[in-house]
Amino acid sequence: MSLSRFAAPTNGAFRVFVIPARAAHAAAPVAAAPVKPEELDNPGFFQKIALRFKGIPLKGELHPPKSMFDDCGKEWFAPEPLPAVPKDYKEHPDRDLVNFPYPERPMYAPKTRLLMIPNSWCTPFEKVTGTSGPYLFFGGLFAFLVNKELWVFEEQGHMLCGWILFYLLISRTVGYRIDKYLYGEFQNRINHFKSLIADDLKEAVEFRKNSAAETESLNAVKEKFPVIFQENMALQLEAAYRNNVQQVATELKRRIDYLHETEATKQRFEREHMVKWITENVMKDVDQKAFKDQYMQMCIQQLQGLAAQK
């Protein structure tokens, strides 16, 4: 409800007329006309469009139709607010929370007027000038800047109105879905970091449990350490002794193999020398003339003996 006041002089005095004027959006809501059954049985083309926008299912449809305009005009609110930092939380005892408090991330953007003027700028004016004071001040400031050409519009300045209308169209049609999607992605990101923290805590708890178990086992065998050290020393000495024995056996075998090879080489050399000496002497005797005559005489006698037998 808005009021239009007019002042007119009557007999030297002013008379004030108050005329009520109702805005179009504040008019009494008109009840939608009921849908007739025959319209659902065999609707026309434009009737189908009207039913689609009304969200009424057609004949044969089990669910009401979904439209991209279902979320028009909806304001998104987070189901869960962001967790606040505990008041007594300090990452270090020397942290000064009075002069240097923790920065808090606001859940929603700060309230604005006319899409760009922060509400905190208008509140101080309202205490002195009333509700219309901020609008008159910023409007007059804008008019002053434009009139004195301190704020110069270029040839594309009229595009600002189009961009404002485009922003209103996007924010009122798909803004709800965009905010909902971004909040879901933000929650997924937060859950990812929470899972990393949970894994780290799980590893820390397991490490603590293992450390406690190792401490208990260490305390259990603490009194047996001297005996354990003695047994370990004995095992080390035994291993060193066996290693030395193995080295001695290896060296002894190597020397025995060397002597055996030396003796075998010596015998082979003597045998080859003896065979060579005998062969040379025999060949010397064969080359002598007396040996040849004696050999020829023996051959003649054997031939005569063979002839006598025949």
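In this model, Trp-121, Cys-122, Phe-125, Glu-126 and Thr-129 of helix α3 meet Gly-133, Pro-134, Phe-137 and Phe-138 of α4, where contact means heavy atoms within 4.5 Å. Sorted by type, the residues of this contact are six nonpolar, two polar and one charged; Ala, Val, Leu, Ile, Met, Phe, Trp, Tyr, Cys and Pro count as nonpolar, Asp, Glu, Lys and Arg as charged, and the others, Gly among them, as polar. Helix α3 (residues 119-129) and α4 pack at about 115°, with 7 Å between their axes. Those axes are lines fitted to C-alpha atoms, for helices over the stretch in contact, and the angles run from 0 to 180 degrees between N-to-C directions. Helices (H or I, at least four residues) and strands (E, at least two) are DSSP runs, numbered from the N terminus.

A word on the ground rules: this is a predicted model, with local features needing pLDDT of at least 70 and side-chain atom pairs pLDDT 80 or more, while totals for chains, interfaces and linings use all residues. Residues are numbered from 1 along each chain as its sequence is written, and side-chain values use heavy atoms, leaving out hydrogens and water.

Now for the charges. The structure holds seven salt bridges, each a side-chain nitrogen of Lys or Arg within 4 Å of a carboxyl oxygen of Asp or Glu. Here are three of them:

| Pair | N to O distance |
|---|---|
| Arg-95 and Glu-91 | 2.7 Å |
| Arg-113 and Glu-126 | 2.6 Å |
| Asp-257 and Lys-253 | 3.1 Å |

Arg-113 and Glu-126 meet in a salt bridge. This pair links distant parts of the chain, with Arg-113 in strand β3 and Glu-126 in helix α3, 13 residues apart. Arg-113 is buried at 15% relative accessibility, whereas Glu-126 is partly exposed at 28%; buried means under 20% relative accessible area, exposed over 50%, and partly exposed in between (1.4 Å probe, protein chains only). Asp-257 and Lys-253 sit about one helical turn apart because they are four residues apart in helix α7 (residues 225-287).

And what does Asp-71 touch, not counting residues up to four places away in sequence? Its partners are Arg-172, Thr-173, Tyr-176 and Arg-177. Asp-71 lies in the loop between α2 (45-54) and β3 (112-113), and counts as buried at 11% relative accessibility. Asp-71 and Tyr-176 are 105 residues apart in sequence, yet their C-alpha atoms are 6.5 Å apart in space.
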